[in-house]
Amino acid sequence: MTVDLERTISVTVNGVPREATVPVRRLLSDALRHELGLTGTHVGCEHGVCGSCTVLVEGVPVRSCLMLAVQVDGQSVTTVEGLSRSNHQGGQVLHPVQESFRECHALQCGFCTPGLLTTIAAGLDARRAAGRDTVEITAEEVDELVGGNLCRCTGYANIKKACRHAAETMRAETMRAAAAR
Amino acid sequence: MKPAPFGYADPTTVEEALDVLSSEGEGAKVLAGGQSLLPLLSMRLAAPTTLVDINRLPGLDFIEAGRDGVRVGALVRHAALLASVEAAGVQPLLTRATANVAHPAIRNRGTTVGSIVHADPSGEMTSVLALTDGSVTVATPGGPTTIGWREFFVGPLETSVHGPAVVLDAFFPALPARSGTAFAEVARRKGDYAVCGAGVVVTVDDDLRITAARAAYLSVGLVPEVHDLTEAVAGRTVDSADWAAAGALARGLVDPDGDLHASADYRRLLVATLTERTLADAGAEAVRRALEAS
């Protein structure tokens, strides 16, 4: 069993296979920003409290400051840069949560935004995967979605509004798709 | 806010893990979910020479809910335990307490066993292990051993396990018949460490009279404590029980410290209030379960 000080890792980031050689103490948050050049992930408190650095590992929200880069070797990571989807015409469309943040003015300084977007997007996508997206989102669900992320500007009112707006958009999408079938 | 340099190994068998822990000596530390360990490293409150990452060990991501209790493997994330209907059916305290562990993103990565091994007296699962009279299974070079919670918790962030060892699972005995549970905490922010918390179990007899009331607290002592509050309510029905008297009894039994966020007196007040509230809920549940079973 070898004990390493440095490792080369292979990670699928936002659908793209990437490789990086990192000191084993490198936090995932720093590897994303420094080694891979993806500065959408913001580093706030660096001890798991603020939630700004939240990314999806294998589709599940985690704090990237509380994982080592070497731990995602062989896994997939989605950052805020990977939330938008192809519009199948050579362009990109924003995730409903991103669209709703713009619509509802859910950010001011923008520092906490990447963490909120990844967390809420994963939460709403999980709701859809579980077949619960046709049910109206509850206030408790919204609180649980945003409760792990600190925002010092907005007072959360518009962030919660954006959550509900995004959930409603996704609900309408699903209903339309069901009606079309 | 960056960890000091360390070496990293990610063994794929328990034997390999014990080997590398043995050869790296005192400075080696096991890494599971890392949701408590990584902040300590980043704040340089801990500086292990080697991290032994157990995330690639096979066979440790299991929840076994049997008649006797629930066994939780070392790689079970809080989120998985929270979602386990089987575990909740055997020992409802597991779900009730886990719902209070930090935020969803932390629960997705942190492990139940890891938070027990971290031995933080403000941790939810340390108290639940104590209240349910649970134990842990530890792999050592001499073979696996079982350690009960009283022996396991030695002090804040300190357990009785020294030398090369990997905790493989935690065992939480089942909730006894005609019993109910409740769990509540007070924190300054949603998902933050509890200023004070309480988990309780109440048991009634066939005549629905209280035979036992026990409580464990968070953030009030150096190690998890379980207090027997039966004498304040024994023989009473749930509706006539003086839960406030049980709260007052508990208040006299604990000896919390004060800190920046709460004085010792305020913590004692919270112990009384949370005890009264949770016991009433647990008592009502005990009666419901007793009536369902009869």
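In this predicted model, strand 2 (residues 28-31) of chain B runs parallel to strand 3 of chain B, and 4 bridges join the two. Strand 3 (residues 50-53) of chain B also runs parallel to strand 1 (residues 7-9) of chain B, to which it is joined by 3 bridges.

**Strands of chain B**
- Strand 2, helix 2 (residues 37-42) and strand 3 of chain B together make a β-α-β unit, which is right-handed.

**Contact between chains A and B**
- Chain B brings 30 residues to the contact and chain A brings 24 residues.
- On the side of chain B that touches chain A, two or more residues come from each of several elements, including strand 1, helix 2 and strand 3 of chain B, and helix 1 of chain B gives the most, with 4 residues.
- By class, this side of chain B divides into 14 nonpolar, 9 polar and 7 charged residues.

**Domains of chain B**
- The domain assignment divides chain B into domain 1 (7-53), domain 2 (63-173) and domain 3 (179-293).
- The C-alpha centres of domains 2 and 3 of chain B lie 21 Å apart, and 20 residues of domain 2 are in contact with 19 residues of domain 3.
- On the side of domain 2 that touches domain 3, helix 5 (93-98), helix 8 (124-131) and strand 8 (153-155) of chain B each supply at least two residues, with helix 8 giving the most, 6 residues.
- This side of domain 2 has 12 nonpolar, 6 polar and 2 charged residues.

Terms used
Residues are numbered from 1 along each chain as its sequence is written. Chains are lettered from A and ligands numbered from 1 in the order in which they are written. This is a predicted model: local features need pLDDT of at least 70, side-chain atom pairs count only at pLDDT 80 or more; totals for chains, interfaces and linings use all residues. Two strands pair if DSSP finds at least two bridges between them. A crossover is right-handed if, with the strands pointing away from the viewer, the path from the first strand over the helix to the second runs clockwise. Two residues are in contact if their C-beta atoms, placed from the backbone, lie within 7 Å. Ala, Val, Leu, Ile, Met, Phe, Trp, Tyr, Cys and Pro count as nonpolar, Asp, Glu, Lys and Arg as charged, and the others, Gly among them, as polar. Domain bounds come from an automatic or database domain assignment.
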